[in-house]
Amino acid sequence: MDAQPNWQIGLSTDTGPVKIENEDAYIWRVFEDDQRRQVLMIAVADGMGGSENGAAASQLAKRVLEQWWDKRIKRTMRSEQPLQQLMSEVEPLLETIDQKLLANGSKNGTTLSILFMFQGQYAVAHIGDSRIYQLTGNQSGLQNYFRQNQPLDLKEQDTESLESESDLIQLTEDHSWVEQQIKRGLLTREQARTHHKRNVLTQCLGIEKGIKVNEQLGVYQASDLFLLCSDGFYSLFSDEEMTQTLRGLENEYTDLQSMSDYLVKLANYSGAYDNITVLLVRHMPVDSQAPFVEERSLTSWLSPFLKRKKAR
C-alpha cells in the first residue's frame with residue numbers, strides 16, 4: 001500500500017499454517033508538520049505466552065505506542081532534532097509497556113522493533129528477536145519508482161547509488177540464546193537458524209523486570225529499502241536468500257505491498273511454523289530538491305544523542 005506520495009509501504013501479516021491465532025502486530029504512522037516535513041514510525045511486535053496471551057501482549061504494545069505517538073508527535077516535531085527527541089522518549093516508553101505487561105501477571109511477553117525515518121536519517125529502538133534490515137543501493141526499486149512518477153532531477157550522487165550493488169544490513173541485535181552462542185563462536189548463523197533453542201529469548205517485554213533497549217542510528221538514501229519482520233519470516237531464509245529475493249521482486253513488482261504479500265506467501269510455502277509479518281518501507285521525497293543526509297554529517301547529528309547515552 002502507498003501511505004503518501006513520499007512513502008512506499010508494504011504491510012503483510014499471516015497466522016501461518018501451524019498456529020491458530022496471529023500473535024504478531026504491526027504499527028505505522030506518518031506525520032507532517034507545518035513546514036511539510038514528514039516523519040514516519042513503523043514497528044513490528046511478536047507476542048508470546050500462548051495464543052491468547054501472546055496476542056494480548058503485542059496488541060498492548062501496539063496500543064501504547066500509538067497513543068504515545070498521537071499525543072507527542074506534534075510537540076516533538078517542534079524540537080530542533082525531532083529524531084533525537086523521539087529516541088529520548090522511547091526507552092521510558094518501552095519500560096512502561098514492560099511494567100504494564102508484568103502487572104498482568106500472566107507471563108505474556110512481546111518483542112518490539114521500532115523504526116523512525118526523517119529526512120534521510122533513521123533511528124531504531126528494539127528489544128527481542130524481531131528484526132529490522134536496511135537494503136542499501138537497491139537500484140531496481142528506484143528505477144521502478146521513476147517509471148511510475150514524473151522524472152526527477154537525479155544528482156550525480158543519486159546516479160552512483162543506482163549503479164551500486166545492494167547490501168542487506170541487519171540493524172537490530174537478536175536478544176536470544178543462539179545469538180549469544182554465535183558471539184562466543186559456538187554456533188554459526190546457519191546452525192542457529194535451525195537450533196532447537198532458537199526461540200529462547202534473553203530479553204523481551206513483559207517476562208522479567210528490567211530491560212536494555214538496543215538503539216541504532218544512521219542515514220539512508222532514496223534507493224534504500226527497509227525490511228521489518230518477525231522471526232516467523234527471517235528464520236526460514238539466509239541473508240543471501242533474502243537479498244536475492246528482494247532484488248528479484250523489485251525487478252518484477254512496482255509496489256511494496258505486492259512484494260510484502262509475496263514474501264508472506266513464500267514463507268508459508270517454505271514451511272513456516274510461526275506467524276509471519278513482513279513490513280517494507282522506502283522514503284522517496286517528491287521534491288527532488290530535498291537533500292538526504294550525507295555520511296559526513298552523521299557524527300555531528302549523533303553527538304547530542306551519544307552524550308545523553310554516555311551520561312546514563
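Visitor: How many salt bridges does the count come to?
Guide: The count comes to eight salt bridges, each being a side-chain nitrogen of Lys or Arg within 4 Å of a carboxyl oxygen of Asp or Glu. The model is predicted, so local features need pLDDT of at least 70 and side-chain atom pairs count only at pLDDT 80 or more, while totals for chains, interfaces and linings use all residues. Residues are numbered from 1 along each chain as its sequence is written, and side-chain values use heavy atoms, leaving out hydrogens and water.

Visitor: Which residue forms a salt bridge with E250?
Guide: That residue is R282, and the closest N and O atoms are 3.0 Å apart. The pair ties together parts that are 32 residues apart in sequence, because R282 lies in strand β11 (residues 276–283) and E250 in helix α8 (residues 239–252). Helices (H or I, at least four residues) and strands (E, at least two) are DSSP runs, numbered from the N terminus.

Visitor: And R282 and E250, buried or exposed?
Guide: Both R282 and E250 are buried, where buried means under 20% relative accessible area, exposed over 50% and partly exposed in between (1.4 Å probe, protein chains only).

Visitor: What about R131, which side chain does it meet?
Guide: R131 meets D174 in a salt bridge of 2.5 Å, N to O. R131 is in strand β7 (residues 131–136) and D174 in the loop between β8 (167–170) and α5 (177–183), so the pair ties together parts 43 residues apart in sequence. Both R131 and D174 are buried.

Visitor: Which residues are linked in a network of salt bridges?
Guide: K19, E23 and D274 are linked in such a network.

Visitor: New topic: how many helices and strands are there in the chain?
Guide: The chain has 10 helices and 11 strands. Of its 312 residues, 53% are buried.
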